[in-house]
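Open the structure in your viewer and keep the selection tool at hand. Each stop below says what to select and what to look for there.

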Amino acid sequence: MSKVLIVAEHDGKALNPSVAKCVSCARGIDGATVDVAVLAVDGAGLAEAAAAIDGVDRVLRIDNPANEHLLAATVAPQVAAVAADYTHVFGPSTMFGKDLMPRVAALLEVNQVSDIMEVLGPYRFKRPIYAGNVVITVEAAEDRLLVATVRTASYQAAGDGGSASIESRDVDAELPGHSRFVKLEAGSSDRPDLQTAPRVVSGGRALGSEENFELIYSFADSIGAAVGASRAAVDAGYVPNEMQVGQTGKIIAPELYFAIGISGAIQHLTGIKDAGTIVAINKDAEAPIFEVADIGLVGDLFKVVPELKEALGS
Amino acid sequence: MKKILVGLKRVVDYNVRVRVRGDGSGVETDGVKMSINPFDEIALEEALRIRERGDVGEIVAVSIGPAEAQQQLRTGLAMGADRAILVRSDRDVDSLTAARMLLEIVRREEPELVLLGKQAIDNDNNQTGQMLAALWGRPQATFASKIDVGDGKLTVKREVDVGLETVEVDLPAVVTTDLRLNEPRYVKLPDIMKAKKKPLDEIDAAELGAEPDDGIRTVAWEPPAERQKGIMVEDVAGLVAALKDKGLF
């Protein structure tokens with residue numbers, strides 16, 4: 001029988017929504033038990049939150065002063081130390097999981113399945129390669145521990161209402177001192193979170209400047225949407241890097257996505273494939289974004305977006 | 001630093017629209033343009049800039065792949081690497097094995113810094129740098145968007161989901177590069193001529209003692225599910241009507 005351990009991503013105060021998505025993925029393995037490991041300085045509240053996720057059987061609370069910033073070099077040995085009790089160890093395919101999980105896998109001397117998008121069996125999964133242009137089925141050896149990251153955009157978050165047991169664990173692992181956290185510069189925003197918002201408005205290079213990007217913010221605010229951007233807009237300095245949607249930015253799956261002034265490079269499309277409805281607004285009728293859009297409008301964004309705000313905004 | 005080791009993987013060029021073979025047996029690579037993995041090119045560019053600031057003596061480029069990967073190493077030499085090593089392997093090398101091979105090269109070459117792309121754009125795994133750091137027992141600074149070289153340590157700005165995280169790591173270390181670290185230079189013709197004279201050593205993969213790991217095998221390839229064809233609307237009124245029609249407003 002499969003025993004899955006999920007490594008919880010959090011910021012010390014709250015669990016990241018990726019945890020409940022990993023739980024949904026793990027639940028796709030027939031008959032699996034699902035445990036969540038919470039590594040923190042004082043994980044009491046986080047462990048309770050994890051215990052309340054539907055489908056979690058047990059929470060391992062691993063408190064350690066070294067877990068203040070969850071650096072891969074310090075977290076990986078602790079995860080590897082508890083992994084022996086499990087058949088699968090999952091993390092999210094967020095920057096946190098991408099950084100951490102291969103380090104865990106190597107410590108356990110196994111390869112990793114990156115970006116699980118579909119569970120076909122306990123050791124059989126689908127995952128995207130080539131920026132999502134190809135989907136492969138991989139089969140893993142059943143006699144080895146399986147380490148994987150979960151493509152969070154492919155899964156709905158598991159609900160609340162669970163009541164898993166919480167177990168405190170002392171982990172005996174040597175933690176290196178060669179890597180130190182210095183600081184985090186986080187974009188402060190009262191807007192909805194890009195990775196979980198049901199509505200997202202993204203702007204591209206056609207906005208032309210940081211000032212003009214205000215048009216995107218203002219439309220997004222009027223419909224309660226999160227704000228994203230194409231790589232071109234980030235590279236041009238209109239918006240910070242954490243707003244990038246695409247192959248190397250965030251992979252998202254909102255119910256409604258507005259691509260405004262975005263041509264639709266394949267790398268951007270990779271990031272929005274799972275969106276419910278894609279609306280494209282672009283001056284260029286030949287822009288590739290129209291090939292994937294559910295609703296397309298050829299027009300000047302500087303004219304269209306204010307009208308749209310007027311019609312839809314509140 | 002005395003030496004930086006840079007990984008250069010040969011991959012299908014960024015601009016090629018990759019297709020699954022008609023019989024579903026893999027990805028069509030015949031006659032397709034091959035290039036240095038773009039993230040690895042950024043890694044090499046960063047090494048060159050560190051050298052231009054006088055912070056490193058030698059830059060060694062390494063690739064694991066078929067004989068043809070010599071082309072990518074020659075391009076790396078033309079960009080400015082001092083010498084190159086091809087770990088010759090005619091089969092696909094999994095991430096763990098690649099990390100083990102790189103570790104063996106690290107033991108032979110003793111670089112203070114290994115710079116790799118954060119992921120190869122073919123399999124999009126995003127694993128090898130982290131695995132090498134783990135096996136080596138050294139720090140990793142992944143998804144770097146700025147690297148400052150200090151005395152026996154690096155300060156690295158990393159792209160994370162909420163913004164930018166700064167970490168300090170002792171050397172030796174592994175750093176993987178993100179897109180905004182730099183813009184790689186173009187290779188000039190005289191440099192291509194000069195690169196022909198630079199040393200390019202070949203090592204047989206088997207000689208490095210890392211057996212391929214087939215713990216995870218690919219058994220099927222398919223194109224992704226197509227999205228349904230959408231509609232075009234004439235104006236904002238049409239767009240609003242279509243959105244309301246779908247129950248979205």
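**Before you start**

This is a predicted model, in which local features need pLDDT of at least 70 and side-chain atom pairs count only at pLDDT 80 or more, while totals for chains, interfaces and linings use all residues. Residues are numbered from 1 along each chain as its sequence is written, chains are lettered from A and ligands numbered from 1 in the order in which they are written, and side-chain values use heavy atoms, with hydrogens and water left out.

**Stop 1: the domains of chain A**

Select 3–168 of chain A for domain 1, then 199–312 for domain 2. These bounds come from an automatic or database domain assignment. The centres of the two domains, taken over C-alpha atoms, lie 31 Å apart. Where they touch, domain 1 of chain A gives six residues and domain 2 of chain A gives nine. Contact here means heavy atoms within 4.5 Å.

The two domains of chain A bury about 620 Å² between them, with 43% of it on carbon and sulfur atoms. Buried area is the accessible area (1.4 Å probe) that two parts lose on being put together, summed over both. Now pick A:Ala131, A:Arg151 and A:Ala153. This trio supplies 67% of the area that domain 1 buries against domain 2, more than any other three residues.

**Stop 2: the salt bridge between the domains**

Which residue forms a salt bridge with A:Arg151? Select A:Asp274: its closest O atom and the closest N atom of A:Arg151 are 2.6 Å apart. The count between the two domains is one salt bridge. The rule asks for a side-chain nitrogen of Lys or Arg within 4 Å of a carboxyl oxygen of Asp or Glu.

**Stop 3: chain A against chain B**

Show both chains. The contact takes 88 residues from chain A and 77 from chain B. The area buried between them is about 7,100 Å², and carbon and sulfur atoms give 52% of it. On chain B, select B:Asp161, B:Ile216 and B:Arg227. They supply 11% of the area that chain B buries against chain A, more than any other three residues.

Ten salt bridges are found across this interface. For one of these, zoom to A:Glu139 and B:Arg217, where the closest N and O atoms are 3.0 Å apart.

**Stop 4: the cavities**

How many cavities of 30 Å³ or more does a search of the whole structure find? There are two. On a 1 Å grid over the protein atoms alone, a cavity is a set of points where a 1.4 Å probe fits but cannot get out, and lining residues have an atom within 4 Å of a point. Grid points are joined across faces, edges and corners, and a volume is the space filled by probe spheres set on the points.

The largest cavity has a volume of about 90 Å³. Its lining includes A:Met95, A:Lys250, B:Asp161 and B:Arg180.

Finish at the second largest cavity, about 70 Å³ in volume. Among its lining residues are A:Val110, A:Arg144, B:Gly215 and B:Ile216.

Notes
1 Å grid on protein atoms, 1.4 Å probe; cavity = no way out; pocket = protein on both sides within 12 Å on 5 of 7 lines; lining within 4 Å.
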